[in-house]
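Biologist: I would like to learn how to read the inside of a protein model. Could we begin with the idea of a core?

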Amino acid sequence: PFLYLFVGIMKRYFGLKDEEELNSFEGKFSAMSKKVLVTGSNGLLGQKLVHQLKNHPHFELIATSRGENRISSSDGYIYEDLDITNAEAVTNIFNK
């Protein structure tokens with residue numbers, strides 16, 4: 001469901017009109033690997049995002065929150081205890 005929403009947004013944003021243009025764009029996008037930072041991953045919305053994105057082949061998922069990880073399985077993503085008000089710590093997460 002999330003991927004379809006994402007593709008729909010990208011389709012609208014980039015003005016892709018037909019299936020051929022969409023497939024071409026998806027091919028270019030899938031060749032890129034992106035780091036995705038989910039802050040507040042111990043909260044309700046954060047947990048849902050982690051479950052949706054954790055095994056996506058084109059994302060390196062970094063889930064962060066304060067304290068211990070509350071998600072039962074830590075497969076498919078990296079968890080870091082992080083205070084997002086600490087700019088240096090946030091920068092270090094991305095530079096790993």
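Modeller: A nonpolar core is a set of buried Ala, Val, Leu, Ile, Met, Phe, Trp, Tyr and Cys residues joined through side-chain atoms within 4.5 Å, where buried means under 20% relative accessible area, exposed over 50% and partly exposed in between, with a 1.4 Å probe and protein chains only. This is a predicted model, in which local features need pLDDT of at least 70 and side-chain atom pairs count only at pLDDT 80 or more, while totals for chains, interfaces and linings use all residues. Residues are numbered from 1 along each chain as its sequence is written, and side-chain values use heavy atoms, with hydrogens and water left out.

Biologist: Which residues make up the largest nonpolar core?

Modeller: Nine residues in all belong to it, namely Val38, Val50, Leu53, Phe59, Leu61, Ala63, Ile71, Tyr77 and Tyr79. H3 and E2 are the elements that give two or more residues to this core, and E2 gives the most, with three residues. Helices (H or I, at least four residues) and strands (E, at least two) are DSSP runs, numbered from the N terminus.

Biologist: What does Val50 touch, not counting residues up to four places away in sequence?

Modeller: Taking contact as heavy atoms within 4.5 Å, Val50 touches Val38, Ser41, Leu61, Ala63, Ile71 and Tyr77.

Biologist: How many bridges join strand E1 to strand E2?

Modeller: Two strands pair if DSSP finds at least two bridges between them; here six bridges join E1 (residues 34–39) to E2 (residues 59–65), and the two strands run parallel. Within this pairing, Lys35 stands opposite Glu60 in E2.
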